[in-house]
There are 2 protein chains.
Amino acid sequence: MLLLGLGISAAWAVEGMWEPSQVPTQATGLAAAGFKGDVGALGRLDVAPLGAVASLGGFCTASFVSAEGLLVTNHHCVTGLLQQAQAEGEDLIDTGFVARTRGEERSVGPGGRVYLTTDIRDVTDDVLGKLPKKLGDAARDEAIEARMKQAVARCEKPGVRCRVASFYGGANYRLVTQTEFQDVRVVMAPPDSVGNYGDEIDNWHWPRHAGDFGFLRVYVGKDGKSAPYAPDNVPYRPAHHLTVQPKGVGPGDFVMVAGYPGSTDRWRTALEVERAATVELPNDIAEEQFLLDTFAEVAKADPAAGPVLEPARLSIANGMFNAKGTLEGYARTGIVAQAKARDAALRAWVAADPARKERFGAALDELDTVLRSGDATRERDELLAYLRYGSDLLEAAETVVLRARERTKKDADRLPGFQERDEARTRARFASMQKGLQLTADRRILGHYLGRLAVRSDCPPELRAWLGLPTTGEVAADAGAKAVDAAMIRLYGAAGKNDSGGGVAEGTLPPLAPASGPKAASVGRERSPEGDAAPGAASDRPRPRRSSGEDDREGAGAPSAPTPNLYRLDYRTQLLDLAADKLPADDAWISLAMALRPVRDAQRAEGRARGGALARLRPLYVEAMKAHDPARAYSDANSTLRLTYGTVQGYTPRDAVTYAPQTTLEGIAEKAGAWPFDAAPAHLAAITAKQYGPYVDTKLGSVPVDFLSDLDITGGNSGSPTLNAAGELVGLAFDGNYEGIASDWVFDTKVARTIHVDARYVLWYLDAVAQADGLVTELGQTPSL
Amino acid sequence: MLLLGLGISAAWAVEGMWEPSQVPTQATGLAAAGFKGDVGALGRLDVAPLGAVASLGGFCTASFVSAEGLLVTNHHCVTGLLQQAQAEGEDLIDTGFVARTRGEERSVGPGGRVYLTTDIRDVTDDVLGKLPKKLGDAARDEAIEARMKQAVARCEKPGVRCRVASFYGGANYRLVTQTEFQDVRVVMAPPDSVGNYGDEIDNWHWPRHAGDFGFLRVYVGKDGKSAPYAPDNVPYRPAHHLTVQPKGVGPGDFVMVAGYPGSTDRWRTALEVERAATVELPNDIAEEQFLLDTFAEVAKADPAAGPVLEPARLSIANGMFNAKGTLEGYARTGIVAQAKARDAALRAWVAADPARKERFGAALDELDTVLRSGDATRERDELLAYLRYGSDLLEAAETVVLRARERTKKDADRLPGFQERDEARTRARFASMQKGLQLTADRRILGHYLGRLAVRSDCPPELRAWLGLPTTGEVAADAGAKAVDAAMIRLYGAAGKNDSGGGVAEGTLPPLAPASGPKAASVGRERSPEGDAAPGAASDRPRPRRSSGEDDREGAGAPSAPTPNLYRLDYRTQLLDLAADKLPADDAWISLAMALRPVRDAQRAEGRARGGALARLRPLYVEAMKAHDPARAYSDANSTLRLTYGTVQGYTPRDAVTYAPQTTLEGIAEKAGAWPFDAAPAHLAAITAKQYGPYVDTKLGSVPVDFLSDLDITGGNSGSPTLNAAGELVGLAFDGNYEGIASDWVFDTKVARTIHVDARYVLWYLDAVAQADGLVTELGQTPSL
């Protein structure tokens, strides 16, 4: 499919996450790839398909597939929700779940959210217009943040959520308006042995045989309007829903995916690429390995801890695998050298023309300086980030303390994430986070990071003082360890020798009110930069924020996730109602969070200065790059709605190996065996009996399970509907392939592939194995197996 | 290529290791597969190609490729020889080796052997004829052994080696006559980074990019006759040699391989298959893991130990991988159930006819009984086998003691392996074994097995007594450990605390003569059932012999390998000259070997009884099976010359994956990186420059590196010439694929493949990278790169 001469290269037919407003510019490419419909309509939010594509809050995409508010998404997007929906003693991730009636559909709790985008409009002028040129960088950052908050405030009303998203590194801002649904229920999820078939062995790999799908339903008040969960809420009747096409697609066929990709790094400078390759990713891998090792130890000593930690484990393992694969991809593609060559060419191009030199020259130099400005404290700052990231309880305490302070301000002046608009979600998350909390793991991780920080000469003096250590100079390893041990007892109480239990004894917690949550309760570990993540979401766990300031900017209107996480739900909830001066400073957690407060504030101040500078400089880098290389026509992903298109196709991963683009039921049986390939006997029996029904692909001679395309997706696209040339649902995107794992940085059109679950496998499984006839009918098909 | 209707199925066109005398029966299959030549000539030993195909002594095959005695074989067949050929400070396995002149060709030492088969004739009547029917089983075993020795004795003369090999489980015996060459020199070996590219990661796997080739040359006396090494020996002028065809072969082309496959198990009973699956292979894997772990620990503590242990490590790792793969293959193919069904069908067929019942019925039942007869002592016997297998020094001591006893007998009455005919080889091996001995590993392994045996209630009383422990009853773990510790000091001297050094102090050895060998000297660990293995051979290390008796029978004329292995070469050599009553019984090693002697004798006696019974019964099983399933027309491999044929072809290893049958130079570059993919810069540069020369495959657009065929090979075939339809050399067989790893037990025509190195890659490497112009010229080509 060489499209040279049409002004579009084959590469650009597959690379690209197009904003809805950009879809009309893709008419040629869409037609060449095989799209049959109306390109104009394809870019509209008020008709299908885009009008049916919802976000689950940053971490996943879902789409309406019936007039009764039925949503389809990935299994790995509903595992965290299943954990919220299950009763004590249940393990719905393991067993799967099928609601046979509406009444059996399970609420995912108060944290459940679904967002449907209704409008996207450019507000660049509102955000950047008439900013004084001489404004200091920190002030610039504050001004931009304030304007974004204003735009959001003007936009929001009950049931409507808004955010201002930055595009092209801050060159453009757009206001995104979304309908926010708050009553989300689980309809169906296959067992983990289907949804997560192959687990980490198959994760990121092809050939794949996962049935990575699940169904939710959105409920609303009887008036049809968004409302919190209530037993007598009714199914939402969406204006638009997708139609399932059971004939599917095959090799070479056009496909497109609409969804909410979270974040890519294709506009990063060479300096940032190199830093990721040499510092950030290796560091993240090391820290994630520590977290996973700790989880494994804890789960080994206490089998009950395993399921509690599972969603976090999956998410961290996925992130680590991604990081490792990205490093390998860097090495394979030589991206660091590429990026250096690209930036060098850009600079040469800039230098070659006086006007360009005038406009971009100094900015490019200053950009490098600003990007290096945090290097001296980077190592310490990473530890401070992991300190909070690794401990749900510390994160809760810090949220409580910061929130109490912010509440003393006028709403418009509060930090993003701590405004009135964030109240309900904060409380919902306080309520729903209980099920992922594991005290032994929390304790070990917090102790680990405190220990590493305590002995550093650049440890914040406030933290040293809280630990009872000298605020400056060297601290010997044993003194540091002793102080941390003592702190652990203050925070968690005395641990049993084996340190393997569910954690702290009740009596060691401040006696406020009787515990009301389940005993070994839990907290969802997810933290989206936007704070939009639904509670318990297991996928795409973002790493701790790096203190660039700018990243906070991208997330403005959707702040650093204030996951509260003190052990007892009633206690945590009560803390939310206390004014700053009433917080129990004698509670070790609160006192630690208070000690850290000036540290975080100082980091934020540095971040503001850096963010303001980057808000000046990065748009110039992007402008220069776009002028120098006009093919770079789309912005990095930022959790806004995007469309990507291409065709179904396999690839050649390496010498002498060819991957076909479709797998079959027989491949499931071929892999079957011990976990993670523990397909159920009934599942295998239906395969052995070749009970294909109407879902067979006659060319393939079997029911297709998963398929490949050359589309361009990333985390956040999970669960996105895959559509054929007529805009009908033929599958769900759920993963990328290993060879394309560095795609967030550079998209290699030869080998980067998106992995989809085939809609025919979904239907076949519902019909032949789950016997979910009601669901098959609701999807417009006739059960026959 | 369906050949139904021609009386031959596609399966049988690829499965089958045909004896030369059977080649004419394959005329139809050969023609159908694409063979163009004279089928009659193809089966003859006195013309090419078979007349040019030599054995390296059971573990590998080689073939003459020039009129000047040049042999080509696999790199992994010459690694052990390189170790023998190198001077102190050299690491020829790592660096590779190219002799630029004849004078630079290096002797592999006194143990080097090449065998060229000149005659194979049936001697079944001589071996089995007129054996009294009522002969007891042990006596039958002795009689058969004596007749085999007689046949060998009649056959052998200087420079001629003979053996009697058993076929079809002892139904037939054939006398194999071979010319024995004793002056073998290394001509060329690529570095390990070429010959073993991919190491264990790629081992048994496709796609493969190993340049698994190496060149030797046979030298003879000036009279043209076989002679031990002498500086003025001259290159042998073989009567026949193969011609290299630089046009190679491609997908679908006919290929055949002639070589010396060592051993297969396709005629095993269901009971034996099940025992392998449930007891023997799992047990071997566990013991091999222990050995590898020990090697790794030792090499970690003492980097100098790594290279010394490397050939043994490679061989054991290869065996363990094979065992694991075989177990997986069993599971995948359901071979245990298949074998049970097959044997059940056989029994039903036998029971359905009175005459068959009369002839086979009781024999089949008794066969099972005999096969079960060693079960009670199996566990202990395995430990006794690993005790000797794991310690080179113990094996040497036992050889010295047994040999001294045997030498008191008439030559014809001595055990196989201890006759006059074995003397030269035993001494050669005593001389050449020095370079693989690593005392720390030897000590740890012997101590481990002694410890496990000592505390068993069925530990032989003789061993208990030698350890100073009660000869019967329970022995407490600590008492056992203490006794073994004391024994270790008697055997090896006091060990340093770290136990990481080269081992024993000189002074702790009996002061016979000054040490003459290198200080941290070594012993080849290889042990072929035939005792024919060349010293230092790294490949196809057979496991310790199971005491079936029958296995000894198959190897008669080529006995259990008496590898001698006391630390100092001069001491070991001196021991060989001592009569039994002069052996130093106060040497701990000799006293341990003497204590074990009655144990080994008792095992041998049980083995004789079992072997005699199996000699009666197994031929009946085979006869019944052949009558029941006439397609089973070839005997299990037994290190005699065989031919296998088929075509070049890839396969589908699993759902959605296709393997092309050829890899390319570009695939080498694709894999290049850290060890084991450490291709040299010059090698990669030649690839990057696309410096293909005349070796390019135009269809492939590159130089092919390795290729696949559906041929039927096993260990021992390594290095076998791969021939095209005209009988010209187009490659070398060097491995099987993972999916076919259980092929020794059941050949799965759909996925079992042979992996060959392409002759064009050999030529390209010699020409473009090694700049070995002389060799290229000697191979009939014109250097051009």
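Colleague: Why is B:Phe181 counted as buried?
Modeller: Its relative accessibility is 1%. Buried means under 20% relative accessible area, exposed means over 50%, and partly exposed is what falls between (1.4 Å probe, protein chains only). So B:Phe181 counts as buried.

Colleague: What am I looking at, and how is it numbered?
Modeller: This is a predicted model, in which local features need pLDDT of at least 70 and side-chain atom pairs count only at pLDDT 80 or more, while totals for chains, interfaces and linings use all residues. Residues run from 1 along each chain as its sequence is written, chains are lettered from A and ligands numbered from 1 in the order written, and side-chain values use heavy atoms, without hydrogens and water.

Colleague: What makes B:Phe64 buried?
Modeller: Its relative accessibility is 0%. That puts B:Phe64 in the buried class.

Colleague: How many aromatic pairs are there over all chains?
Modeller: There are 38. Rings of Phe, Tyr and Trp (its six-membered ring) pair if their centres lie within 6.5 Å; planes under 30 degrees apart are stacked, over 60 edge-to-face, and the rest tilted. One of the pairs is B:Phe64 with B:Phe181, at 6.5 Å centre to centre and 80° between the planes, and it is edge-to-face.

Colleague: Why say that this pair ties parts of the chain together?
Modeller: B:Phe64 lies in strand β2 (residues 61-64) of chain B, and B:Phe181 in strand β8 (residues 172-181) of chain B, so the pair joins parts that are 117 residues apart in sequence. Strands (E, at least two residues) and helices (H or I, at least four) are DSSP runs, numbered from the N terminus.

Colleague: Why is the pair of B:Tyr168 and B:Trp267 called edge-to-face?
Modeller: The ring centres are 6.0 Å apart and the planes stand at 80°, so the pair is edge-to-face. B:Tyr168 is in the loop between β7 (160-167) and β8 of chain B, and B:Trp267 in the loop between β12 (254-259) and α10 (270-301) of chain B, so parts 99 residues apart in sequence are tied together. B:Tyr168 is buried at 5% relative accessibility. B:Trp267 is buried too, with a relative accessible area of 5%.

Colleague: What is noted about phi of B:Tyr168?
Modeller: Phi is near 50°, a positive value in a residue other than glycine. A:Gln771 also has phi near 50°. A:Gln771 sits in the loop between α25 (759-769) and α26 (773-778) of chain A. With a relative accessible area of 39%, A:Gln771 is partly exposed.

Colleague: What makes you say that a charge sits over the ring of A:Tyr168?
Modeller: The charged end of A:Lys626 is 3.4 Å from the ring centre. The rule asks for NZ of Lys or CZ of Arg within 6 Å of the ring centre and within 35 degrees of the ring normal. The charged end of A:Arg632 sits over the ring of A:Trp267, 4.2 Å from its centre.

Colleague: How do you know that the length of α17(B) agrees with a helix?
Modeller: The expected span is 1.5 Å times one less than the number of residues. For the 16 residues of α17 (residues 439-454) of chain B that should give 22 Å; the end C-alpha atoms are 22 Å apart, which agrees.

Colleague: Why is α17(B) called largely enclosed?
Modeller: 12 of its 16 residues are buried, so the rest of the structure largely encloses it. B:Leu446 and B:Tyr449 are among them.

Colleague: What makes B:Gln438 a cap?
Modeller: A side-chain oxygen of B:Gln438 lies 3.0 Å from the backbone nitrogen of B:Thr440, at the N-terminal end of α17(B). A polar contact is a pair of N or O atoms within 3.5 Å; within protein, one must be able to donate a hydrogen and the other to accept it, and residues adjacent in sequence count only if both atoms are side-chain atoms.

Colleague: Which residue of chain B has a polar contact with A:His209?
Modeller: B:Asp655; the side chains are joined at 2.7 Å. A:His209 is buried, with a relative accessible area of 1%.

Colleague: Where does the pLDDT of chain A stay under 50?
Modeller: One such stretch is residues 496-542. Residues 545-565 of chain A are also below 50. pLDDT is the predictor's confidence in each residue, from 0 to 100. Where it is low, the predicted coordinates should not be read in detail. Chain A averages 87, and 89% of the residues score at least 70.

Terms used:
Contact = heavy atoms within 4.5 Å.
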